[in-house]
Amino acid sequence: MDTMTLPTLSALEHQGWDALCNQTGSSFYGSLMAEDAVMVLVNTMDRDTVVASLDQAPAWDSYTISDERIVRVGAEAAALVYRATARRAGEEPFEAVMTSVYVRSADGPRLALYTQ
């Protein structure tokens, strides 16, 4: 079964956002990210830095994902590109276009690169 499909990768992104909403992002991304994965935000963070930073991150109250699409990156990888809007109480909504690149592994897709 091909695990690099829009429904599968979209479900992983929703699980990630759900984890950010219920403050379990550290454990979720700790298990989802490949060992050499990076997230490129304002700066670049490796897997260990991401996991540590998510322990301190305030929870999101809600999010929406839209305009999802898959971009194939070879036989063993795919990128999910989408728009997200997230909200925290008392703050302006956060909106960005995001790309999550997943690589195929024996345990299912692993997040290798995330950018916004």
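These legends describe close-up views of a predicted model. As a predicted model, it is held to pLDDT of at least 70 for local features and 80 or more for side-chain atom pairs, while totals for chains, interfaces and linings use all residues. Residues are numbered from 1 along each chain as its sequence is written, and side-chain values use heavy atoms, with hydrogens and water left out.

**View 1**
Strand β3 covers residues 62-72, and strand β4 covers residues 77-87. Strands (E, at least two residues) and helices (H or I, at least four) are DSSP runs, numbered from the N terminus. β3 and β4 run antiparallel and are joined by nine bridges; strands count as paired if DSSP finds at least two bridges between them. Arg 72 stands opposite Ala 78 in β4. Four residues lie between the two strands, and Gly 74 in the turn has a positive phi of about 95 degrees. β4 is largely enclosed by the rest of the structure, because eight of its eleven residues are buried. Buried means under 20% relative accessible area, exposed over 50%, and partly exposed in between (1.4 Å probe, protein chains only).

**View 2**
β4 pairs with β5 (residues 94-103) in the antiparallel sense over ten bridges. Leu 80 has Ser 100 in β5 as its bridge partner. Thr 85 stands opposite Glu 95 in β5. The hairpin of β4 and β5 has six residues between the strands, and Gly 90 there takes a positive phi near 80 degrees. β5 also runs antiparallel to β6 (residues 110-115), with five bridges. Val 103 stands opposite Arg 110 in β6. This hairpin too has six residues between its strands. Its Gly 108 takes a positive phi near 105 degrees.

Most residues other than glycine have a negative phi. Gln 23 has a positive phi of about 60 degrees. Gln 23 lies in the loop between α1 (6-21) and α2 (25-32), and counts as exposed at 53% relative accessibility. Asp 67 has a positive phi near 55 degrees. Asp 67 lies in strand β3 and counts as exposed at 59% relative accessibility.

**View 1. Aromatic contacts.**
The whole structure holds four aromatic pairs. The rings of Phe 28 and Tyr 29 have centres 5.1 Å apart and planes at 90 degrees, so this pair is edge-to-face. Rings of Phe, Tyr and Trp (its six-membered ring) pair if their centres lie within 6.5 Å; planes under 30 degrees apart are stacked, over 60 edge-to-face, the rest tilted. Phe 28 is buried at 17% relative accessibility, and Tyr 29 is buried at 8%. Trp 17, Trp 60, Tyr 63 and Phe 94 form one aromatic cluster. The charged end of Arg 88 sits over the ring of Trp 60, 3.6 Å from its centre (cut-offs: NZ of Lys or CZ of Arg within 6 Å of the ring centre and within 35 degrees of the ring normal).

**View 2. The largest pocket.**
Its lining has 25 residues, and Leu 20, Leu 41, Leu 54, Trp 60 and Gln 116 lie nearest its centre. A pocket is an open set of points on a 1 Å grid over the protein atoms alone, where a 1.4 Å probe fits, with protein on both sides within 12 Å along at least five of seven lines; lining residues have an atom within 4 Å of a point. α1 gives the most to the lining, with four residues.
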